[in-house]
Amino acid sequence: MELAAILLLPVLASAISLSPLGRYIAAPATFVAMAAVLALAIGVAATAAQPGRIDSLGDWLTCDGLGALVLLLVAFVGFTAALFSWGYIRRRAGSAGARKLRHYYGLYNLFILSMLAVPILANVALMWVAVELTTLLSAFLVGFEDTPEALEAAWKYVVLTTLGAVFALLGFLILYWGSRVAGYEPFTWVGLVEAAPKMPPALLWPAFLLILVGFGTKVGLVPMHTWLPDAHSQAPAPICALLSGVETTTVLYVILPLFPVIRLAPGLDARPWFVGFGLTSAGIATLLLIFVRDFKRMFAYSTVEHMGIILVAAGIGGADAHLGAAYQMTGHAIAKSFCFFAAGITVLAIGTQEIAAVRGLVRASPIAAFALVLGGFGIAGAPPLAVFVSEFLILKGGLASGQYVTVGLLAVFVVIAFCAVMLHVNRMAFGAGGTAAALAVPPSCKATVVLAAIPLLVIGVYVPSPLHALLTAAAKAMGG
Amino acid sequence: MNSQPFPLLFALDALTGALFLLTALGVVATRQVLASLQLFILQSLLLTISAVLLGIATGSQHLFAVAAITIATKTLLIPWLLRHTVSAEVYRTREIERVLNIPSSLLLAAGLIVLAYAIANPILAAVDVPFGRINLPLGMAAFFLGAFTITVRREAVPQLLGLLAVENGVFFAGIAIVPNLPVIAELAAAVDVPVITLVVGLLTRRIHARLGTTAVGGLAALREH
């Protein structure tokens, strides 16, 4: 029942936002709905952690460890981004904004709905539809600012990720064909794992590659990443937090369960592909991080890097690396959404996204400066924050299984990325030179930053035991 | 090959497939926005015919459903949606700005068709399905040609039509390899395709209103300097 309620709440909030009443209560209604979704998701995660599987509405909805983790992350960022939107969007929508505001929240709730649906729909085919809807429902949120740049970003986002999704569709049709040939009817992850040993590799292999490349586009894997820095830098900050923090992870949820399926098939090995794509993405993103000029683009490239690391971790295999991958997904969602909240208040305070134009921010807007630095530490992986711990786990897993080249390259990328991010962020926060006087930051945005900082600071040092159980269950679902 | 249980249906499907591939090539080569839309409608009709032929051969009702949905959405709803979202100016007959000239486009297109067969053959060698021999390679060829169209076009509507042609290619292959198409296919056809068109159409209108052009291929404000 909880799973059905999780899907119902955003629909209600969207209807309220789009109704004439939305003019007055769209923001609070969305916030309340997201808070309720988060509470329900915590309940689901607690159940799925022990280790179990929750079914609802017959067998239409289901949730295992990995699904529950993704669900929890989407619900968490959906909640904080709703709070952040409250002040941010009112400011950005301006005076002619009542209608724009209603549309924003209407789409916001539906976008969250599509992301919540991905990890809990049992049927893989329906899951594909949900992933595709995440793009289509967020297109106008990306183009919300209505500037030429925002519209360009929205266009590239829709065309490229939809093209990727159609590639993946062919992959899923071939996968379904394979499970039919093997004599299995239900098109679910569980069914696919059962069918895998009997599937003809000639079918499984092209299906895997089509899905990896197709949905890899949406995850932002190099070389299909070109749209990502555009969309993730032009969307309003709360939407960036969702796109970068959890939409990418949601799509990973559709790629990672292929790993155990492929592993069970005779004569196939997905690991080199995961490691290859992952290392390329992490490496190229690291290079781009050095030369980047726009701080929202910097956070976007860091997302490409993190997705690469997670893929490498899945490819390395073993309990440690897979636990590291689950941990990295969590750390990434929390830290990256925080970074975009920090970027959002910086933009509100001084009205630019250019790194070179921001110097000595700590004097103009201390809260924005400290948030940027903390966010920078968070995504770059400074100890003792979560991303440090997860990257450590992944490297340890790689060393234990003797994959020295992979581990060596990954370690180099991680260190360079750390230096690049911290160099940019430090100059912005503490660099010499003046930044013009800052505008006040809305209270809801300040509250979001404080609220989102708590898990960011805590989760690297202290993982509550239910969360640890959940991460372990998620790692198991990846086949570790 | 001669062991085909439905020689007549097989021949008809082969003819449909050949025409289907021609329309895909036409979308690559045509110089006018309106002509690409008409070619897309024709391609969708051929997809419908193939679905009906396969439906008769396999007795799968899902295929008739796909045929009905294809007719309703792709030949009626999508042109209507485009006309109502995209401004009339976009539709006016004119040359499409393109990245590559037509002869070299067609040469590359021929290469893509060969590639489609190269990918489809090992699959069919492992698992044979009655109509897969026609629909899988030709669907994949249309799939690649649609993706190719997106990269050589600069205009918004032809890029969208390229995207929809890719989807048509997937379906052309899909109806043969999984005749009992799962709910995905019907849902994708009935919901996804019109929503794509609506979103992209509205976006095109906004880009046109804001920038005075729909040559999306020329948008390059966002890049690393």
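This is a predicted model: local features need pLDDT of at least 70, side-chain atom pairs count only at pLDDT 80 or more; totals for chains, interfaces and linings use all residues.
Local features are reported at pLDDT of at least 70 and side-chain atom pairs at pLDDT 80 or more, while totals for chains, interfaces and linings use all residues. Residues are numbered from 1 along each chain as its sequence is written, with chains lettered from A and ligands numbered from 1 in the order in which they are written.

Contact joins 38 residues of chain B to 40 residues of chain A, a contact being a pair of C-beta atoms, placed from the backbone, within 7 Å. On the chain B side, two or more residues each come from helix 5 (102-126), helix 6 (132-152), helix 7 (156-177) and helix 8 (183-211); helices are DSSP runs of H or I with at least four residues, numbered from the N terminus. Helix 8 of chain B supplies the largest share, 14 residues. By class, this side holds 30 nonpolar, three polar and five charged residues. Here nonpolar covers Ala, Val, Leu, Ile, Met, Phe, Trp, Tyr, Cys and Pro, charged covers Asp, Glu, Lys and Arg, and polar the others, Gly among them.

The largest nonpolar core has 286 residues; such a core is a set of buried Ala, Val, Leu, Ile, Met, Phe, Trp, Tyr and Cys residues joined through C-beta atoms within 7 Å. Leu69(A), Leu71(A), Val142(A) and Phe341(A) touch the most other members, and helix 6 of chain A (residues 148-181) gives the most to this core, with 22 residues. Leaving aside residues up to four places away in sequence, Val142(A) touches residues including Ala150(A), Tyr157(A), Gln234(A) and Ile239(A).

Back in chain B, Pro158(B) lies in helix 7. Pro158(B) counts as buried because it has 29 C-beta neighbours inside 10 Å, the cut-off for buried being 20 or more other C-beta atoms within 10 Å. Its C-alpha atom is separated by 22 Å from that of Leu222(B), 64 residues apart along the chain.

Definitions and conventions
Two residues are in contact if their C-beta atoms, placed from the backbone, lie within 7 Å. A residue is buried if 20 or more other C-beta atoms lie within 10 Å of its own, exposed if 12 or fewer, and partly exposed in between; C-beta atoms are placed from the backbone.
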